[in-house]
Every structure is written in C-alpha cells, then in structure tokens.
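This report describes how the protein surrounds its two ligands. Please look at the sequence and the structure before reading on.

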Amino acid sequence: MLHHLRKYMYNTTKALPLEQLTRWGLHNATVVRNASTPELYEIAAMDPLSPDPETRQGSISSTGAMVAYSGRRTGRSPKDKRVVLDEQTEQEIWWGDVNIPIPKKSHNLLEQIALQFLNTRPRLFVVDGYAGWDPHSRLRIRVFCTRAYHALFMQNMLIKPTTEELKRDFSDDVDFHIFNAGPMSAPKLVEGVGSETCVSVNLTDKKMVILGTQYAGEMKKGVFGVTHYMLPKQGILTLHSSANEGVNGDVTLLFGLSGTGKTTLSADPKRKLIGDDEHGWSDLGIFNIEGGCYAKCVDLTYEKEPEIYNAVKFGAVLENVEFISKDSRQVDYHNISITENTRVSYPLDFIPGAKNPALGSHPQNILFLTCDAYGVLPPVSLLTPEQAMYHFISGYTAKVAGTEMGVKEPVATFSACFGEAFLPLHPTLYATMLADKMKQHGTKCWLINTGWSGGKYGVGKRMSLKNTRSIIDAIHSGELANGQFDNFEVFNLQIPKRATGVPDQILHPKNTWTNKAEFDRTLRNLGDKFKKNFQKYQNKASPEVINAGPKI
Ligand SMILES: Nc1ncnc2c1ncn2[C@@H]1O[C@H](COP(=O)(O)OP(=O)(O)O)[C@@H](O)[C@H]1O
Ligand SMILES: C=C(OP(=O)(O)O)C(=O)O
C-alpha cells in the first residue's frame with residue numbers, strides 16, 4: 001500500500017506518513033502534499049470543475065495569476081454553518097444564529113460522505129501549514145481538498161512550514177483538520193443540515209467538514225473561528241482586524257466587517273503590512289494568524305490600490321473574475337457578472353515591505369472601520385474607553401454586496417466585535433479582553449466611517465479612499481490626537497476640527513447633506529437602532545459602557 005501511494009507522489013520528500021491518511025480511512029492513490037506553485041498550476045490546468053469549461057478551464061491571467069471558479073456559491077454561507085453540540089461545547093458556545101447546533105452523529109455522517117468523496121477524486125491535496133506567526137501559540141492546520149486552486153489558496157493563506165518544520169511538526173497529529181469536499185452536495189435529509197451546503201465544525205475533536213460550497217474563503221474563515229475558540233483560553237485575544245506598523249514600530253489595528261476596508265487601508269506604502277484580516281493579541285504583542293491576504297477585486301485599479309493590483313501575479317489565485325477578452329486573458333475588474341465578491345489571494349510578501357515574521361508590538365491606535373450606509377456617522381471620531389467598548393460590542397456597519405450569499409446591496413447590521421460570524425464564545429468575553437489590553441497599553445481608539453457621505457446609500461456617495469487615507473495619516477502623525485474637537489450630537493463623539501488633506505466641511509457629516517432635517521431624523525433613527533441592538537447585552541455590560549451609547 002505504502003509503495004502504491006509513494007509511486008504517485010509528486011514529491012516524495014513531502015510524503016505524509018501513511019498513518020495520517022489511513023486513520024481517516026483515506027486511501028486515494030494520488031496524494032499531493034504542499035506542492036510547489038508550478039505543480040499546482042499544471043494540475044489546475046486540468047481541473048474540469050468550472051461553470052464554463054470551454055473558456056475558463058484552468059486559466060492563467062495575463063499577469064500570471066491562477067484563475068479559478070467556485071461555482072454556485074461565491075461568498076460565505078453563514079446560514080449553513082454548524083457547530084457540533086456535545087458535552088464540552090454545550091455550556092461554552094454562544095448558541096444562536098451564529099453558532100447553530102448540529103448533533104455529533106450528523107457531523108460524523110457528513111465527515112464520512114466527505115472522506116468518501118476525497119477517496120474517489122483523481123487527486124487528494126494535502127496542505128499543512130501554521131495558523132499564527134507567534135511560535136508560542138501557533139496551530140498546526142491540515143487541509144484535505146481535491147482542487148488545485150483550493151490547495152494553492154490555503155498554501156497562500158496558512159503560514160508555510162520549512163521542510164524541517166514540516167517533518168518535525170506535521171508528521172504526527174496536528175491541531176485542526178479541514179475536510180473540504182466542496183464539490184459534493186450535503187445531504188439535506190440529515191438532521192441539522194439546512195440545505196445542500198453545510199460547513200460543520202467539531203470544536204471538541206478539532207475538525208471541519210465542507211460540503212456544497214467551493215468558495216475558498218470558507219476555509220480561511222473556518223480556521224479563524226477555531227482560533228477564536230482556542231486562543232482566548234490561553235489569554236490571547238483574537239481580532240477580526242488588519243494591522244500595520246509605522247517607521248517607529250507603532251502598530252495600528254483596523255477592525256471591520258467584510259468590505260469596510262481592512263485589506264485596502266492596511267496596504268499603505270508608508271507602513272509595513274503585518275496582515276489584512278485576522279490577528280491575535282498576546283502579552284508579547286500582536287501577530288498575524290495568516291500567511292497571506294484575500295483582497296476584493298471589484299473595480300481594482302493600479303491608481304487606487306497599487307500594492308494589491310501589483311500582487312496579482314504568478315502565485316496569486318484569482319477567484320470568480322471575468323476577462324476583458326478571451327485571448328488577452330486580461331482581467332476585467334469591473335465585470336461583476338459572476339459576483340461582486342471577486343477575490344485575489346496572495347502571500348503576504350507580495351505586498352512590498354510586508355513584515356516577516358508578521359509580528360508587532362502592542363497597538364498604539366485601534367481603528368473601528370464602519371461602512372455606514374445611512375451616511376450619518378462622521379468620517380472620523382475619537383472614542384473614550386467606554387465608547388470603544390460600546391462600539392466594539394455593537395459592531396455597527398453595513399454588509400456590502402457579495403461576501404455573504406444573498407446580500408445584494410448594503411444592509412445596515414450590527415455584528416458584535418466587528419466579526420460576529422466568527423465568534424464561538426459570547427461577544428462580551430472578547431470585549432472585556434480588548435478593554436483590559438487597551439487600558440494596559442494606553443491604546444487610542446477611533447471610529448472611521450468608510451461608508452456613505454452626503455446622504456444615505458442611493459443618495460450620497462461612498463467616502464473617497466483619498467479622504468479616508470488622509471484621515472488615517474493624520475491619526476498616525478499625531479495631528480488628530482493633538483488637535484481640537486467638536487462634539488457630535490446624539491452619539492456624543494469627538495470629531496476633529498481639522499485633518500490635513502481633508503476638506504473641513506466633510507468632517508461633520510451634516511454639512512454634506514442638503515436636507516438637514518432629514519439628516520437629524522436619520523441620525524436619531526440610527527441612534528435608536530443602536531439602543532435596540534444593545535438591549536441584548538444590557539445585563540452583561542457595565543453601566544459606564546451602557547451609558548456610552550447614543551442619547552436621543
Ligand atoms: N473610503 C474607503 N475606504 C476603504 N475602502 C473603500 C473606500 N471606498 C471604497 N472602498 C472599497 O471598498 C472595498 C473594501 O474592501 P476590503 O479592503 O477588502 O475590506 P475588508 O478587508 O475589510 O473586507 C474595496 O473594494 C475598496 O476599494
Ligand atoms: C473572506 C472574508 O472576509 P473579508 O471579506 O473580511 O476579507 C469573508 O467574510 O468571506
């Protein structure tokens with residue numbers, strides 16, 4: 001059997017001990033583990049899974065990126081995520097719409113179906129990599145999948161082990177397994193399964209099964225959810241944020257729900273990128289959880305986002321994009337006929353000056369990025385520590401089209417900790433940890449509206465990237481913290497009077513609205529939504545934090 005397996009290995013130095021396959025009942029004859037990028041390109045060129053095999057099969061873009069298609073599901077499927085309810089998780093997990101329980105026996109059945117699928121495909125890809133750049137707390141992750149694009153994606157997104165580390169840390173058991181059988185539908189009749197898609201996590205046995213979705217983001221956010229469960233137990237706060245570092249070593253965290261600007265704003269030529277989406281904050285400082293980035297491509301231009309634009313090269317994976325013309329293989333970033341959620345994944349070092357290792361000191365500034373679809377929140381305001389807690393627990397933003405299935409235009413939402421979809425534990429646990437760490441390290445907190453200005457969605461316009469970037473520059477130079485502030489009604493926020501590079505009148509959002517009475521109404525309505533949303537945290541938050549909310 002061993003001989004049979006080895007014969008088909010692409011690279012025998014990377015062979016996985018047989019026991020690591022047979023323990024799951026895996027016996028696929030062709031196993032490809034941590035393959036080189038060219039190998040994965042060659043295999044992807046033969047991938048028959050694409051919505052239009054004639055034109056899209058195994059494409060390579062004009063700049064050398066692998067082009068792949070995820071099929072029916074082009075965003076995450078939060079309604080189809082399940083968490084195994086067992087003796088350990090019953091009391092621990094924040095059960096509800098985010099963490100929907102599934103019986104263990106159903107999960108086991110899904111796992112068997114996934115394993116059977118993995119056994120019957122032409123190749124089984126194994127990706128071994130770390131989650132977390134801090135060697136003290138990093139997790140060893142193993143992904144089994146059947147599409148070369150998924151393998152390259154996870155090789156980009158996990159932290160690549162050296163050959164020695166692969167041998168030392170990945171020969172025995174690992175900390176978490178993903179069985180990605182995405183091309184195979186989930187059986188709807190199984191108890192706990194809601195549709196033909198199911199992403200089921202067993203936190204006790206540290207396993208995840210994917211059926212009925214090939215959206216690659218499901219794997220990386222799956223790993224994130226697990227770190228959110230395991231790391232806080234070690235006193236490490238997990239953060240849905242990007243991070244970068246200034247020339248003096250000062251670190252900024254940028255929190256935000258999908259589409260609010262974590263990736264775009266953290267790629268800043270004046271600062272070193274630490275990471276674009278997922279971080280941990282330990283007693284030693286902050287660390288990126290990932291080895292790569294997963295940027296949105298919609299309307300990507302060199303002029304607006306040069307670092308990301310240039311990262312679309314050999315080794316990057318483009319997901320669900322269309323070409324300008326079939327023969328040029330030039331990507332049409334404005335074409336959203338497959339989805340608005342077009343993506344590119346690339347290793348961190350594709351961004352010039354990214355930090356390696358991706359670690360940083362305790363943050364000096366925290367930015368809460370909110371994409372306000374009502375257009376009433378100021379482009380920037382300074383929060384008191386209590387307001388910081390209030391806004392962190394609230395997590396107000398708009399979900400933008402595409403990232404989650406079914407979202408077609410911005411929808412105002414409250415997503416606790418700016419990442420509710422990934423929280424296995426109660427939000428106040430993460431909020432308390434954040435408050436303690438901010439207090440300990442004197443971190444300043446700013447609320448930044450990267451959403452609408454001059455009116456709500458449909459009337460006003462999205463805040464210009466140029467203005468948001470100038471505001472962030474003014475935070476980093478110390479200009480805003482040392483300047484003067486006005487009070488912003490209803491929310492009682494401190495709005496800076498001036499920020500270099502930003503027209504004074506846009507700093508107070510009311511100035512940008514033609515109909516002032518409608519502005520006042522919309523602002524009060526939003527305040528009201530905040531209050532209603534916060535009622536569910538009323539009995540867990542302190543009076544000071546509750547009092548830091550809007551006053552109508
Ligand atoms: N003022 C702004 N700030 C940040 N992003 C903006 C702004 N205006 C438009 N955008 C666009 O919004 C999207 C933000 O997406 P991204 O940075 O990937 O968010 P995240 O990483 O938080 O999911 C990008 O396509 C970006 O070009
Ligand atoms: C990959 C995702 O995150 P983000 O949009 O924040 O990059 C996602 O939510 O599917």
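Around ligand 2 there are twelve residues, and the closest are Arg76, Lys221, Ser258, Lys262 and Arg343. The model is a predicted one. By kind, the shell around ligand 2 holds two nonpolar, three polar and seven charged residues. On its own, ligand 2 exposes 290 Å², of which the protein buries 98%. Two elements, helix 9 (217–230) and strand 17 (292–296), each give two or more residues to the shell around ligand 2. The space that ligand 2 takes is the largest pocket.

The space taken by ligand 1 is also the largest pocket. Ligand 1 is surrounded by 17 residues, with Gly259, Lys262, Thr263, Thr264 and Lys296 the closest. Its shell consists of four nonpolar, nine polar and four charged residues. Helix 10 (262–266) and helix 14 (465–476) supply at least two shell residues each; helix 10 has the largest share, four residues.

| Residue | Part of the residue | Ligand | Distance |
|---|---|---|---|
| Gly259 | backbone N or O atom | ligand 1 | 2.7 Å |
| Lys296 | polar side-chain atom | ligand 1 | 2.7 Å |
| Arg462 | polar side-chain atom | ligand 1 | 3.2 Å |

Note on methods: Residues are numbered from 1 along each chain as its sequence is written. Chains are lettered from A and ligands numbered from 1 in the order in which they are written. This is a predicted model: local features need pLDDT of at least 70, side-chain atom pairs count only at pLDDT 80 or more; totals for chains, interfaces and linings use all residues. Side-chain values use heavy atoms; hydrogens and water are left out. A residue is near a molecule or strand if one of its heavy atoms lies within 4 Å of it. A polar contact is a pair of N or O atoms within 3.5 Å; within protein, one must be able to donate a hydrogen and the other to accept it, and residues adjacent in sequence count only if both atoms are side-chain atoms. On a 1 Å grid over the protein atoms alone, a cavity is a set of points where a 1.4 Å probe fits but cannot get out, and a pocket is an open set with protein on both sides within 12 Å along at least five of seven lines; lining residues have an atom within 4 Å of a point. A molecule sits in a cavity or pocket if more than half of its atoms lie within 2 Å of its grid points. Ala, Val, Leu, Ile, Met, Phe, Trp, Tyr, Cys and Pro count as nonpolar, Asp, Glu, Lys and Arg as charged, and the others, Gly among them, as polar. Accessible areas come from the Shrake-Rupley method with a 1.4 Å probe; for residues, only the protein chains shown count as cover.
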